[in-house]
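Biologist: I'm new to this one. Can you walk me through how some of its helices pack?

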Amino acid sequence: MKTPTSTSRVVADRDPQGRRRFLRTSGMTLAAAGLFLAGCADDDDPIMMNETVNLGSGDIGILNYAYALEQLEAAFYAQVLQGDYYASADNEEKDILADLEAHERAHVDFFRAALGSSAIPGLEVDFSSIDFNSRSSVLGTAQVFEDLGVSAYNGAGRLIMNPDYLVVAGKIVSVEARHAAAIRSINIGTPTAFANSDVVDSNGLDVARTPSQVLSMAGSFILTPIDASGLPQ
Amino acid sequence: MKLLKLFNQFESLASAEAAPTTRRAAFGEVGRTLGKAATVALPLAAFLKPTTAFAQTSGNSVIEVLNYALTLEYLEAEFYQMGLDANSLLTGDMRETVALIARHEADHVNFLRTAISGSGGTPIDKPEFDFTAGGMFPTFSDTPTFLVLAQAFEDTGVRAYKGQATSLMGNGDVLTAALQIHSVEARHASEIRRMRDSKGWITGSMNSTGVAAADGVYAGENNVTHLGLDVTTVTQVNRDRVTQAWDEPLTMEAVLEIANPFLA
């Protein structure tokens, strides 16, 4: 059983079969994996730290961009569930966080499988700025991630060429917005927290951000360098 | 018949656009189908079943989509405003929450009217609404009933915008704005659901309103297959939670069928 650490691999090892599939479909990273494993015997993930990950171009690039953000969220909630705050949280907060952990993990598993051999590898995250024993640190970070996720999908929709991919992004973004509202509600605790004016403007519109805006905000939580230069503009 | 009238309005208001012939033909077909459905009163579930799990594949024109969205925003805006105006229906924190949602819906009405005019179209007139659905619901005298309808309208609104996203491809600014409204509706839905002690997200096709007439709002939400991939085969997350993690689109006709009882 792994203990929570300030950095961890995003792709969890709960499913050995899934991992084998992942290894099979990520031939390009195997050489790097060998190097990584040689230097880090207590961790078996096939990802080399600090090796730049290229998201790719076109729709695949956008899907990998979404996959990267889902990885970040899933890794965060996985660690939340192992922290002291979660252990002592009330039932409502526990229910919400456990659901969010499961939803983001399902999104990650979906993108990895759907992208197949085009999927980026698991990213290295850095949560050293988060205190997983602190309610305000956990919920404050969750709020940032959920609102960021909503703005990312909102901004990326117009960059997608394949209608099926746009529909899938639409199916996920509204769930991220449901998450964001719930987290804001318990974190801030006011009757208008779920959608107040820092996320909904005077036209009643939510935030939309470009990939470069999103990646620069997410950057402090992701150790793996990401090359997003191929994404559509 | 009310639906047919709305469809005809969406189309005629968009007639200034150079709409593709095939789309117009498909749209006429939808109108005829709906007219027939209203006349012979097909069971709602039977009518919705074949279409609920899929996005609209025949594209509607941008103006049609915007007028459709405007119609739904008119409905929500008036519903919430009437709730706020009703004597002692909404008090305390609940009133504050509803007041913010009401403001967003009014903002959406104004935004869409401006967007339609700016795109060379004519904003559809606000229809007359009957939020009691012919006396079926004590909507403005019973707070739980008001919240039930609020949940049904918000969860429907999320599905409605999602169902039109592909019709807006190629018009990046409009698509982005629609997505920005869509996620606000999802925030509303989450909050209203949680005020009713439901989860903020939808489990399976569970209609947690307690009103059977709203079953169509949740039809197809139990889908676990996306891009042809059954997600339950690639994750250890259980099926219920997989259904929660993806929301599903609704076609224009399915949404208007849900809204129909509230058109006066």
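**Helix packing**

Modeller: Helix H3 (residues 58-80) and helix H7 (residues 163-188), both of chain A, pack at an angle of about 25°, with axes 12 Å apart. This is a predicted model, where local features need pLDDT of at least 70, side-chain atom pairs count only at pLDDT 80 or more, and totals for chains, interfaces and linings use all residues. Residues are numbered from 1 along each chain as its sequence is written, chains are lettered from A and ligands numbered from 1 in written order, and side-chain values use heavy atoms, without hydrogens and water.

Biologist: Are H3(A) and H7(A) roughly parallel or antiparallel?

Modeller: Their angle makes H3(A) roughly parallel to H7(A) (under 35 degrees counts as roughly parallel, over 145 as roughly antiparallel).

Biologist: Which residues make the contact?

Modeller: A:Asp59, A:Leu63, A:Glu70, A:Glu73 and A:Tyr77 come from H3(A), and A:Tyr165, A:Ile172, A:Glu176 and A:Ile183 from H7(A). Contact means heavy atoms within 4.5 Å.

Biologist: How many are charged?

Modeller: The contact of H3(A) with H7(A) has 4 charged, 5 nonpolar and no polar residues.

Biologist: Switching topic. At what angle do H6 of chain A and H7 of chain B pack?

Modeller: About 150°, for H6 (residues 135-156) of chain A and H7 (residues 172-195) of chain B, with axes 9 Å apart. H6(A) and H7(B) are therefore roughly antiparallel.

Biologist: And which residues meet there?

Modeller: From H6(A), A:Asp147, A:Val150, A:Tyr153 and A:Asn154. They meet B:Thr176, B:Leu179, B:Gln180, B:Ser183 and B:Arg187 of H7(B). By class, the contact of H6(A) with H7(B) has 3 nonpolar, 4 polar and 2 charged residues.

Technical notes:
Axes fitted to C-alpha atoms, helices over the stretch in contact; angles between N-to-C directions. Helix = DSSP H or I, 4+ residues; strand = E, 2+ residues; numbered from the N terminus. Parallel < 35°, antiparallel > 145°, perpendicular 65-115°, else oblique. Nonpolar A, V, L, I, M, F, W, Y, C, P; charged D, E, K, R; others polar.
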